[in-house]
Amino acid sequence: MLHAQSLTLTRDRREILSDITLTAHPGEVTVIIGPNGAGKSTLLAALTGDLSPDHGSIHLNGDALHSLSPRALAARRAVLTQHTPVAFPFTVAELIRLGIEATPGPIPPGLTDRLLSEVDLPGMAHRPYHALSGGEAQRVHFARILAQARRATTAQGPVWLFLDEPVSSLDIAHQLMVMHRARRFATEGGGVIAVLHDLNLTAMVADRVLLLSQGCLLASGTPDDVLTDDLLTRAYRCPIRTRRSPDQGAWLLPQMAGT
Ligand SMILES: Nc1ncnc2c1ncn2[C@@H]1O[C@H](COP(=O)(O)OP(=O)(O)OP(=O)(O)O)[C@@H](O)[C@H]1O
Ligand SMILES: [Mg+2]
């Protein structure tokens, strides 16, 4: 389980996260939504241990996050950040190897090729990373953190994936592919926390939704609890109304009121 209690984080004398308490469970996909600047990436960075909150505590699988060494953290969780600069002229295979080498133990033969097939990039291992399209590069990074997560130990409890806008450069088919893969990771016992902007995708894949607004947790619960006209309109400060398809209860695109 991941539990954060009363997180507060201030930058330049501005409170970016205000008194946030949340719980996420392994076996579930937890999605963080909210407008630009709401604090989603900051919250995710705090939950991964990459940023220290000014106040509050975070426990991952029962241990205080601040008590874990970088190596212990790498064995429990893998992080896909919103921006992933790559300074060196790596090939795709070399980049994925960085994820594999974040955790100890022998490297299973064929792992890189298997992971590349999983993200629909078969045969791309020797391509220069910098020559990839935006969507291809994003899927390589997803494969890299899958590699890390796959080799992480489960001795200290479930392994967690933290994904900050993992589908922002992807076409619809690859968005679904990546989020279905994340869901499978959860179904197999891992924990997944993802930041998404697409509310339809959120409704489709989330077990639990956290809605952030101006650094505060405006709502949390099931998609039905959180993706309401009232809460979305308040959070995004624009009139939104949602519609569901009558047959499956699936969500359709939020409609701007009056359109
Ligand atoms: N190091 C920093 N110093 C000062 N302000 C910061 C810092 N990092 C983030 N902020 C501010 O904190 C707020 C939250 O930033 P954050 O990146 O968490 O937003 P976000 O919800 O992820 O937005 P987006 O949807 O645009 O990615 C923003 O107003 C941002 O400008
Ligand atoms: Mg962000």
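I started at P128, which is in contact with P89 and T91, leaving aside neighbours within four places in sequence. Contact here asks for C-beta atoms, placed from the backbone, within 7 Å. The model is predicted, so I kept its rules in view: local features need pLDDT of at least 70, side-chain atom pairs count only at pLDDT 80 or more, and totals for chains, interfaces and linings use all residues. Residues are numbered from 1 along each chain as its sequence is written, with chains lettered from A and ligands numbered from 1 in written order.

I placed P128 in the loop between α4 and α5. P128 counts as exposed because it has 11 C-beta neighbours inside 10 Å; the cut-offs within 10 Å are 12 or fewer for exposed, 20 or more for buried, and partly exposed in between. I then looked up V92: C-alpha to C-alpha, P128 lies 6.1 Å from V92, across 36 residues of sequence.

Helices are DSSP runs of H or I, at least four residues, numbered from the N terminus.

I checked α4 against α5 next. Their axes are 9 Å apart, at about 130°. From α4, L111, L115, L116 and E118 meet A143, L146 and A147 of α5.

Note on methods. Axes are lines fitted to C-alpha atoms, for helices over the stretch in contact, and angles run from 0 to 180 degrees between N-to-C directions. Helices (H or I, at least four residues) and strands (E, at least two) are DSSP runs, numbered from the N terminus. Two residues are in contact if their C-beta atoms, placed from the backbone, lie within 7 Å.
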